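Let's take a walk through a protein together. Have the structure open and turn it around as you read.

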Amino acid sequence: MSPDDAFRVTLSDCLAQMTANAGVLRAGRSVEGLHQLRVGLRRLEVALKSFGEAFEQPWLEELRGRAKVLASRLGPARDLDVFLEELLAAPARAFSGQGETEMFAGLRGHAEEARETAWKQVSACIAGSDFTIFLDDVAALAQSRLPLAHDHRLKPMAARMLARQAARARKRGRAARSHEEGDLHRLRIALKKLRYTAEFFAPLYKKKKVKRYLSHIRKLQDSLGG
């Protein structure tokens, strides 16, 4: 497979993930559907950035910028879903029976009200023309035969892309020795981008090594996420 074909396949895979989960959300509220739609947008962002740098095609950055805008519109609802369904439950249970129930009920009420507003924004985003045109443009790029790559060997290009992402993760790792929340968050993002890039090119490498590599990255992500 050529680098151009690998790029098109990657775009098509991201597009399928976004389209399927947008359909789920149009049928009704789905916490997992929203999460997977955002993952699809994030994976697409990484593909456009990584391949765009490798191809030396800066115009792909415009499409990536639109993906970031759409993801930001979905972010508040996802954050509040996680807050209400994962983060709030444990402290509320810990303080139950200690006179704190009313306080947590009030907090939950405010958070649920904010989530309703955020989910309305999700519905508006998915129903809007910006989202529809964006999916059409991604589909058109995935189907185009426009030549993009200067180097027509996929494996050397993949190795360079992975090395670039790994170098960024190492740089973020050095900064994260500060234990500052922002530095830790940026490290987690760098690891996520490294994982997505590794998943794009997984078929080029030995299956066992890929599985072990991705497992290490996921464990680091989970730890930082906590």
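How many salt bridges does the count come to? The count comes to 21 salt bridges. Keep in mind that you're looking at a predicted model, and we'll pick out a few of those pairs further down.

## The big picture

Start with the overall build. The protein has nine helices and zero strands, so if you read the elements from the N terminus on, you get α-α-α-α-α-α-α-α-α. Along its principal axes, the C-alpha trace spans about 65 × 45 × 30 Å.

The protein has 226 residues, and buried ones make up 39% of them. To count as buried, a residue needs under 20% relative accessible area, while exposed takes over 50%. Anything in between is called partly exposed.

Salt bridges that share partners join Lys 49, Glu 53, Arg 164 and Arg 168 into one network.

Helix α5 (residues 101-127) holds another pair: Arg 108 and Glu 112 are four residues apart there, so about one helical turn separates them. Their side chains meet in a salt bridge at 3.7 Å, N to O. Arg 108 has a relative accessibility of 28%, so it counts as partly exposed. Glu 112 is partly exposed as well, with 35%.

As for accessibility, Asp 130 is partly exposed at 43%, and Arg 73 is partly exposed at 29%.

## A positive patch on the surface

Next, look for a gathering of positive charge. Arg 170, Lys 171, Arg 172, Arg 174, Arg 177 and Lys 193 form a patch of it on the surface. Which helix gives the most to the positive patch? That would be helix α7 (residues 154-175), with four residues.

Arg 170 is found in helix α7. With a relative accessibility of 53%, Arg 170 counts as exposed, because the cut-off for exposed is over 50%.

## Tucked away

Met 161 and Ala 198 are 37 residues apart in sequence, and their C-alpha atoms are 9.2 Å apart in space.

Gln 17 is another one to find. Its place is in helix α1 (residues 3-27), and at 15% relative accessibility Gln 17 counts as buried. The side chain of Gln 17 makes a polar contact with the side chain of Arg 43, at 2.8 Å.

Let's finish with the backbone. Most residues other than glycine have a negative phi. Glu 56, though, has a positive value, with phi near 60°. You'll find Glu 56 in the loop between α2 and α3, and at 58% relative accessibility it counts as exposed.

Where does His 179 lie? His 179 lies in the loop between α7 and α8 (181-200). Phi of His 179 is near 65°, again a positive value in a residue other than glycine. His 179 is exposed, with a relative accessible area of 64%.

Note on methods. Residues are numbered from 1 along each chain as its sequence is written. This is a predicted model: local features need pLDDT of at least 70, side-chain atom pairs count only at pLDDT 80 or more; totals for chains, interfaces and linings use all residues. Side-chain values use heavy atoms; hydrogens and water are left out. Patches are made of residues with over 30% relative accessible area and no salt bridge: like charges are joined within 9 Å, nonpolar side chains (Val, Leu, Ile, Met, Phe, Trp, Tyr) within 5 Å. Accessible areas come from the Shrake-Rupley method with a 1.4 Å probe; for residues, only the protein chains shown count as cover. A salt bridge is a side-chain nitrogen of Lys or Arg within 4 Å of a carboxyl oxygen of Asp or Glu. Lys and Arg count as positive and Asp and Glu as negative; His and the chain ends are not counted. The place of a charge is taken as NZ of Lys, CZ of Arg, CG of Asp or CD of Glu. Helices (H or I, at least four residues) and strands (E, at least two) are DSSP runs, numbered from the N terminus. Buried means under 20% relative accessible area, exposed over 50%, partly exposed in between (1.4 Å probe, protein chains only). A polar contact is a pair of N or O atoms within 3.5 Å; within protein, one must be able to donate a hydrogen and the other to accept it, and residues adjacent in sequence count only if both atoms are side-chain atoms.
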